[in-house]
Amino acid sequence: MPDPLATSIAALQEMIREAGTIAGFTGAGISTESGVPDFRSADSPWMQNKPIPFQLFLRSAEARREAWRRKFTMDDLYRHAAPTRGHLGIAALVAAGKMPAVITQNIDNLHQASGLSDKQVIELHGNGTYATCLACGRRHELAEIRTRFEASGEPPTCEACGGIVKSATISFGQTMPEGRLRAALELALASDLFLVLGSSLVVYPAATLPSLAKENGARLVIINREPTPLDEHADIVIAGEIGPILSRIANDL
């Protein structure tokens, strides 16, 4: 009897060989294999350290103080996380010229750590490895921010303009940068294969991208441990670990 997983992987390998432009789309599932906790599991540490809503962060110094406390608590949980075989498989597809960039919902910088440049990673929800001033846009490094915060107990302000400094992530209630969303949409519509890796496809507007690509004629492949709302529309659905699957794909390039 044929192995269903092997059959699906073989079909995906053929789709990749035939594809001219692949859009990669990654969610928490690709990074949980690195030890980065996802957001929705019942026992997730994010449940004890929930991100502070953006408007509350802006209004309250106490909320900003608590936001930074939670931020550094979470950072300590996965500071040693390294790219998985899944991240390296994505990097191999980019290096092979098959994938112009990867669209990610993750904030952990692991795609860049796998060898991709910032231009090859479209970060829809920002990046948690540095901070920015909300007033002037100046970048602030977290090590320096943490030293100041732990010494004073006060939320950091920009040394250039005195503005509020925030982790460079997109918080609940914060507007997603238009340029990033536009770049993701352009890649989705240019693709003839849209590859979802480790996303539950329930966070919008990011979750609209696979549907738009499919409606525009792209093949849709979903690799995720749990079912997603788009499984019935996908050409292939593989329920499994991303790292081993993409490692086999990379070896085939």
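Leaving aside neighbours within four places in sequence, Thr-84 is in contact with Ile-30, Glu-33 and Ser-34, where contact means heavy atoms within 4.5 Å. This is a predicted model, in which local features need pLDDT of at least 70 and side-chain atom pairs count only at pLDDT 80 or more, while totals for chains, interfaces and linings use all residues. Residues are numbered from 1 along each chain as its sequence is written, and side-chain values use heavy atoms, with hydrogens and water left out.

Thr-84 sits in the loop between H4 and helix H5 (85-95). Helices (H or I, at least four residues) and strands (E, at least two) are DSSP runs numbered from the N terminus. Is Thr-84 buried or exposed? Its relative accessible area is 9%, so Thr-84 is buried; the cut-offs are under 20% for buried, over 50% for exposed, and partly exposed in between, with a 1.4 Å probe and protein chains only. A polar atom of the Thr-84 side chain lies 3.0 Å from the backbone nitrogen of Gly-86.

Next, helix H4 itself. Ser-60 caps the N-terminal end of H4, with a side-chain oxygen 3.2 Å from the backbone nitrogen of Glu-62. H4 covers residues 61-77, and its 17 residues should span 24 Å at 1.5 Å a residue; the end C-alpha atoms are 25 Å apart, which agrees. The expected span is 1.5 Å times one less than the number of residues. The buried residues of H4 include Ala-67, Trp-68, Lys-71 and Phe-72. Seen down the helix axis, the buried residues of H4 fall within an arc of 165°, so they line one face; the arc is taken from the directions from the axis to the C-beta atoms. What covers them includes helix H3 (54-59), strand E4 (126-133), helix H7 (142-152) and strand E6 (165-169).

Last, strand E7, residues 193-197. Five of its five residues are buried. Leu-193, Leu-195 and Leu-197 point one way, and Phe-194 and Val-196 the other. In a regular strand the side chains alternate between the two faces of the sheet.

Which strands pair with E7? Strand E1 (residues 22-26) runs parallel to E7 and is joined to it by five bridges; pairing requires at least two DSSP bridges. Thr-26 has Leu-197 as its bridge partner in E7. Strand E8 (residues 219-223) also pairs with E7 in the parallel sense, over five bridges, and Phe-194 has Leu-220 as its partner there. From E7 the chain crosses through helix H9 (residues 208-215) to E8, a right-handed β-α-β crossover: with the strands pointing away from the viewer, the path from the first strand over the helix to the second runs clockwise.

How values were computed:
Polar contact = N/O pair within 3.5 Å; in protein donor to acceptor, adjacent residues only side chain to side chain.
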